[in-house]
Amino acid sequence: MIDLHTHSTASDGTDAPGQVVEAAAAAGVAVVALTDHDTAAGWDEAAAASARTGVALVRGAEISTVSDHVSVHMLAYLYDPTHPGLVGELERTRASRLTRLERMAALLGEDYPITWEDVLAQTGEDATVGRPHLADALVAAGVVATRDEAFATVLRPGTRYYVPHLAPDTVTAVRAIRAAGGVPVFAHPGAVQRGRVVREDRIEELAAAGLAGLEVDHRDHDDATRARLRDLARALGLFVTGSSDYHGAGKPNRIGELTTAPDVLAQIEDQGTLEVLRP
């Protein structure tokens, strides 16, 4: 089994990077990608766990972008983490995330018993902070029962507590990933329950800019959406992936619940500048 989308405490997962790899091993996953939001901070720990467990590791990230005012998450695999262009984009995004979360925490604190320190208590060291950490603080304070409830109520776009953050244009991000030797794959492109989704003509533009694939098999896609996305990928010459989007205890997604074909992994490795770490 090949699972190409997981998160650790380096962003908004609840397992440390090494524990994500250990969870993959326990689930019978042979290859796992660590794709924390806008960071490669967990790679070294995950690589050590890969060597220890025998699970092959694809090093990656899930990069926050915006297309026509729509939030787009772009998976980037096997890129050079020192490339100045991509590093600059990620640093700007992380800085914007931090100031945005501080503002949201202040707004929430006007009506609920949470502080910025409560939010920081929910994050890992040097983690990329995001709304899931606000959600965890709200759960810890007894305001909501789960992350999902927080996202469905006080943290959803349109509430007075919601503050957007700056992120690169999606075409710019795809080009930056390619310039860094990475392989860009559009994460959960049809997940309408998360909000507005990108139009197909914009995905055509992304393909022309260097997009490699679409994450089609994802629990946020129903059968009709998967069929439509497969047809689109075929028409645009893109490969398709399947992934769990594992967050540990942060979401119900189970590692290895959806997987990617070996020939697609081979294409990713052929196109990427880094190698897949195989113990």
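**Exercise 1. Which residues in α1 meet which residues in α2?**

Before you start: this is a predicted model, where local features need pLDDT of at least 70, side-chain atom pairs count only at pLDDT 80 or more, and totals for chains, interfaces and linings use all residues. Residues are numbered from 1 along each chain as its sequence is written, and side-chain values use heavy atoms, with hydrogens and water left out.

*Step 1.* Find the helices, which are DSSP runs (H or I, at least four residues; strands are E, at least two) numbered from the N terminus. Here α1 covers residues 17–26 and α2 covers residues 43–53.

*Step 2.* List the contacts (heavy atoms within 4.5 Å). From α1 come Pro 17, Gly 18, Val 21, Glu 22 and Ala 25; from α2 come Glu 45, Ala 46, Ala 49, Ser 50, Arg 52 and Thr 53.

*Step 3.* Sort them by class: five nonpolar, three polar and three charged. Ala, Val, Leu, Ile, Met, Phe, Trp, Tyr, Cys and Pro count as nonpolar, Asp, Glu, Lys and Arg as charged, and the others, Gly among them, as polar.

**Exercise 2. Describe how α7 packs with α8.**

*Step 1.* Take α7 (residues 170–179) and α8 (residues 200–209): their angle is about 25 degrees and their axes are 9 Å apart. Axes are lines fitted to C-alpha atoms, for helices over the stretch in contact, with angles from 0 to 180 degrees between N-to-C directions.

*Step 2.* α7 and α8 are therefore roughly parallel to each other (the cut-off is an angle under 35 degrees).

*Step 3.* Pick out the partners: Thr 170, Val 171, Val 174 and Arg 175 of α7 touch Arg 202, Leu 206 and Ala 209 of α8.

*Step 4.* Sorting this contact gives four nonpolar, one polar and two charged residues.

Notes
Parallel < 35°, antiparallel > 145°, perpendicular 65-115°, else oblique.
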